[in-house]
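Work through the exercises below with the sequence and the model at hand. Each task is followed by its solution in steps.

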Amino acid sequence: MTIECRSDLVKFNDNLYPCTVSLAMELIGGKWKTVILYHLKDAPKRYSELRKEMPFITERTLSLQLKQLEEDGLITRQVYGEKPPIKVIYSLTEFGETVIPVLQAILTWGNEIALRNGEFVQADR
């Protein structure tokens, strides 16, 4: 069933949205949420692994985005141990896994844009 954006409101987690596109963008929109989800799509990862895979994200931004994704039910945070150093693993929830086809479509489109109008360059490390 296809539901288009109409004048009806959509309620999700006690928030109202003008349409389903607005709801979806609230969950995965922004510069980093989709990138984080992409890096978690194949396997659970520790915070430090995510930081290495996304060197341009600040620690504060990564922490805030992970917290938001967890609150929205897209990822889960598993804590192992009770005193430092503790081990924290992030992974997609069953709900989070439903975004994988969207992530694949975004990757395909991004590759197309890069090949057609941009270029791949070597990062300085």
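**Exercise 1: a charge over a ring**

Task: State which residue lies over the face of tyrosine 80, and at what distance from the ring centre.

Solution. Lysine 87 lies over the face of tyrosine 80, at 6.0 Å from the ring centre. The rule asks for NZ of Lys or CZ of Arg within 6 Å of the ring centre and within 35 degrees of the ring normal.

Conventions for all exercises: this is a predicted model, in which local features need pLDDT of at least 70 and side-chain atom pairs count only at pLDDT 80 or more, while totals for chains, interfaces and linings use all residues. Residues are numbered from 1 along each chain as its sequence is written, and side-chain values use heavy atoms, with hydrogens and water left out.

**Exercise 2: the fold**

Task: Give the number of helices and strands, and their order along the chain.

Solution. Step 1: take helices (H or I, at least four residues) and strands (E, at least two) as DSSP runs, numbered from the N terminus. Step 2: the chain then has six helices and five strands. Step 3: their order along the sequence is β-β-α-α-β-α-α-β-β-α-α. Step 4: the C-alpha trace spans about 50 × 45 × 25 Å along its principal axes.

**Exercise 3: salt bridges**

Solution. Step 1: a salt bridge is a side-chain nitrogen of Lys or Arg within 4 Å of a carboxyl oxygen of Asp or Glu. Step 3: aspartate 42 pairs with lysine 41 (3.1 Å, N to O); aspartate 42 is exposed at 65%. Step 4: glutamate 53 pairs with lysine 45 (3.4 Å, N to O). Here glutamate 53 is partly exposed at 34%, whereas lysine 45 is buried at 13%. Step 5: arginine 116 pairs with glutamate 112, their closest N and O atoms being 2.6 Å apart. These two are four residues apart in helix α6 (residues 100–117), so about one helical turn separates arginine 116 and glutamate 112.

**Exercise 4: a buried charge**

Task: Where is aspartate 72, and what is its nearest side chain of opposite charge?

Solution. Step 1: aspartate 72 is in the loop between α4 (59–71) and β4 (75–80). Step 2: count Lys and Arg as positive and Asp and Glu as negative, without His and the chain ends. Step 3: aspartate 72 is buried yet has no salt bridge, and lysine 33, the nearest side chain of opposite charge, is 4.2 Å away. Step 4: with contact meaning heavy atoms within 4.5 Å, the contacts of aspartate 72 beyond four places in sequence include Phe12, Lys33 and Phe95.

Note on methods
Buried means under 20% relative accessible area, exposed over 50%, partly exposed in between (1.4 Å probe, protein chains only).
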